[in-house]
Amino acid sequence: FLLTPGCFKQDNVKRAEEAIASGKPNLAGDFFKAEINATLSSGKPVDPRLFLNAGLAYLKGKELDKAENQLEDALSSLNEPTLQAKALNALGNINYQKANDFLDLRNVNEARKKWKKSREYYESSLQIDNNDKARQNLSSLNKQIEERISLLICVIKGKVWRDLNGDQKPQPIEPNLD
């Protein structure tokens with residue numbers, strides 16, 4: 001469902017709020033995005049809270065790439081520390097989810113990259129205004145990702161050798177295998 005460019009701001013925002021209330025966060029994100037596009041096409045500056053709201057709506061709807069783009073746009077223009085911290089926390093949540101998705105695919109290397117990025121966003125959020133949600137998310141991230149990664153990593157110990165005489169015991173004349 002796309003809005004025509006001529007919709008009034010209050011209509012788009014109102015429709016976005018209604019979409020959130022009716023459990024349709026992706027539609028809400030689309031309404032916020034429609035308002036952003038309408039504002040840009042009119043040559044007026046976009047209220048950075050529109051980017052933040054669009055990003056949060058898309059995040060709630062699990063459209064992580066759309067959410068990330070909107071939140072990065074919000075972050076580049078927000079100058080209110082509380083809202084900056086909220087955007088950073090949400091970006092941390094996106095990377096946290098992406099890390100979990102990579103772990104589901106057993107891709108530990110990519111999961112670690114997203115985990116690191118998530119930590120950076122949460123820590124930045126904490127530095128700005130001591131955001132309690134970011135603190136809780138960081139704690140959860142540290143615990144869950146470490147537990148999930150350690151479950152995927154196996155350690156094998158022992159000796160491997162060529163058992164020439166078949167007695168299942170290493171003998172000095174039996175070579176080790178690497």
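Predicted model: local features only at pLDDT ≥ 70, side-chain atom pairs only at ≥ 80, totals over all residues.
Let me start with the whole chain. The protein has 178 residues, of which 37% count as buried, and its secondary structure comes to seven helices and zero strands, so that, reading from the N terminus, the elements run α-α-α-α-α-α-α. If we take the contacts between residues at least 6 apart in sequence, 50% of them join residues that are at least 24 apart.

I would like to turn now to two of these helices, α4 and α5. Helix α4 covers residues 64-77, which is 14 residues, and from its first C-alpha to its last it reaches 20 Å, close to the 20 Å expected at 1.5 Å a residue. Helix α5 covers residues 81-104, with 24 residues, and it reaches 34 Å between its first and last C-alpha, again close to the expected value, which for α5 is 34 Å.

Two packed helices are described by the angle between their axes and the distance between the axes. For α4 and α5 the angle is about 155°, and the axes lie 10 Å apart. Because an angle over 145 degrees counts as roughly antiparallel, α4 is roughly antiparallel to α5. The crossing of the two helices is left-handed. On the α4 side the contact is made by Leu64, Asp65, Ala67, Glu68, Leu71, Glu72 and Leu75, while the α5 side contributes Gln84, Ala87, Leu88, Ala90, Leu91, Ile94, Asn95, Gln97, Lys98 and Asp101. Sorted by class, this contact has nine nonpolar, three polar and five charged residues.

Setting aside neighbours within four places in sequence, Ser118 is in contact with Gly92, Asn95, Tyr96 and Leu141. Asn95, one of these, is also among the α5 residues that make the contact with α4.

Finally, two residues with a backbone angle to look at. Most residues other than glycine have a negative phi, and most peptide bonds are trans. Arg106, which is not a glycine, has a positive phi near 60°; this arginine follows α5 and has its place in the loop between α5 and α6. With a relative accessible area of 62%, Arg106 is exposed.

Gln168 likewise has a positive phi of about 60° although it is not a glycine, and Gln168 is found in the segment after α7 (132-152). Why does Gln168 count as exposed? Gln168 does so because its relative accessibility is 66%, and the cut-off for exposed is over 50%. Not counting residues up to four places away in sequence, Gln168 touches Trp161 and Asp163.

Notes
Residues numbered from 1 in each chain as written. Heavy atoms only, no water. Helix = DSSP H or I, 4+ residues; strand = E, 2+ residues; numbered from the N terminus. Expected span 1.5 Å × (residues − 1). Contact = heavy atoms within 4.5 Å. Axes fitted to C-alpha atoms, helices over the stretch in contact; angles between N-to-C directions. Parallel < 35°, antiparallel > 145°, perpendicular 65-115°, else oblique. Left-handed = near helix turned anticlockwise from the far one by under 90°. Nonpolar A, V, L, I, M, F, W, Y, C, P; charged D, E, K, R; others polar. Buried < 20%, exposed > 50% of the residue type's maximum accessible area, 1.4 Å probe, protein only.
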